[in-house]
Amino acid sequence: MNALNVAWEKNSKEAVGIKVKNQVVWITGASQGIGRCLALNLAKSGCKVAATSRTEDDLMSLQDRSKDLPGEIQSYPCDVTDEKNIEILIKSIETNLGPIDLAILNAGTYIRFGVDDFSVKAFRKQIEINTMGTVNCLAPVMHNMKARRNGHIVVVSSLSAYRGLPFASAYGASKAALTNMCESLKPELDNFKVKLSVVHPGFVDTPLTNQNDFKMPFLVDVEFASKRILAGINRGKFEIVFPSTFSLIMKLFRSLPYSLYFLVTKRMVKK
Ligand SMILES: NC(=O)c1ccc[n+]([C@@H]2O[C@H](COP(=O)([O-])OP(=O)(O)OC[C@H]3O[C@@H](n4cnc5c(N)ncnc54)[C@H](OP(=O)(O)O)[C@@H]3O)[C@@H](O)[C@H]2O)c1
């Protein structure tokens, strides 16, 4: 966890205003970064949060941190690539806490590489965790919510899903698949009264972006990201996108013809 998050966790007693009070929330990728901040904000609002990631120690510290909060956080360690165990995990969450009202599928990783160090292994890993890991979690949760005709699924994609960016061929592809999947599922899920949201964050200051050695434009902190995500959930928005200026720029990039778009991205790979 980065220093900024630690300082925020110690100092903030503020509960972010969310409507989802007293609900059962499952968050993947909850041990650090955006997921950890969301878990704490939801517990501050009185929710019962099931927190999943691979590192048990981080989840236990999160669980301890929730002891003086109105809601609670329970640790449910699991690797999202482990399809069979995800099903067992969901059964155990729903037995212990009750039916999942809100599932935030946020676990993800980023491995930066370009043409020189292009790696099949690193490509596969990002697809396995970001795309298939999310699909592994989505399938059983969606099935249960559909049967109950109630619930909200939030998939964390990225603004990099909008268009191919240099040094993010695998990451961008893994996230574009998620965005496209959500667009495809949304109309049918509406028929079953199950809400679906897709989150497109810009740069957020977390361990994932700490590896970047360039100045990240419009970088925001995890608290900002968490507030924007929870506000979007409250409003039942399909797309939750932030920060505003960066998302406008990326939307403009999305609409550029290739000839103009490559003029921009070529500048990013100049040696
Ligand atoms: N930070 C940004 O600028 C940014 C921008 C756009 C989108 N996003 C997306 O937002 C999400 C959260 O990112 P973040 O910045 O908060 O990243 P982070 O700080 O690196 O946290 C990632 C979380 O995912 C968990 N995780 C990774 N692989 C996992 C696996 N196989 N099974 C279960 N959990 C796993 C990690 O815990 P363990 O390692 O303990 O498993 C950790 O809790 C990601 O999907 C990321 O792609 C981030």
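Welcome to a predicted model, in which local features need pLDDT of at least 70, side-chain atom pairs count only at pLDDT 80 or more, and totals for chains, interfaces and linings use all residues. Residues are numbered from 1 along each chain as its sequence is written, and side-chain values use heavy atoms, leaving out hydrogens and water.

## The overall picture

The protein has 10 helices and seven strands. Helices (H or I, at least four residues) and strands (E, at least two) are DSSP runs, numbered from the N terminus. With a radius of gyration of 18 Å, close to the 18 Å that the globule rule gives for 271 residues, the protein is as compact as a globular protein of that length. That radius is taken over C-alpha atoms, and the globule rule is 2.2 Å times the number of residues to the power 0.38. Along the principal axes, the C-alpha atoms fill a box of roughly 55 × 45 × 35 Å.

Of the 271 residues, 51% count as buried. Here buried means under 20% relative accessible area, exposed means over 50%, and partly exposed is in between (1.4 Å probe, protein chains only). Contact means heavy atoms within 4.5 Å. Among contacts between residues at least 6 apart in sequence, 71% join residues at least 24 apart.

## Two paired strands

Strand β1 (residues 24–28) and strand β2 run parallel and are joined by five bridges; two strands pair if DSSP finds at least two bridges between them. Strand β2 covers residues 48–52, and four of its five residues are buried.

Cys-137 lies in helix α5 (residues 120–148). Is this residue buried or exposed? Cys-137 counts as buried because its relative accessibility is 1%. Not counting residues up to four places away in sequence, Cys-137 touches Trp-26, Thr-28, Val-80, Ile-86, Ile-90 and Leu-105. Cys-137 and Val-154 are 17 residues apart in sequence and 11 Å apart in space, C-alpha to C-alpha.

Leu-219 has its place in the loop between α7 (207–210) and α8 (222–234). At 39% relative accessibility, Leu-219 counts as partly exposed. Leaving aside neighbours within four places in sequence, Leu-219 is in contact with Phe-203, Val-204 and Asp-205. Leu-219 and Phe-246 are 27 residues apart in sequence, with their C-alpha atoms 9.3 Å apart in space.

## Backbone details to look for

Most residues other than glycine have a negative phi, and most peptide bonds are trans. A cis peptide bond joins Phe-242 and Pro-243, with omega about -10°. Pro-243 is found in the loop between β7 (239–242) and α9 (244–255).

Arg-149, in the loop between α5 and β5 (152–156), has a positive phi near 50° and is not a glycine. Its relative accessibility is 45%, so Arg-149 counts as partly exposed. Lys-193 is not a glycine either, and has a positive phi of about 60°. Lys-193 is found in the loop between α6 (169–191) and β6 (195–201), and is exposed, with a relative accessible area of 55%.
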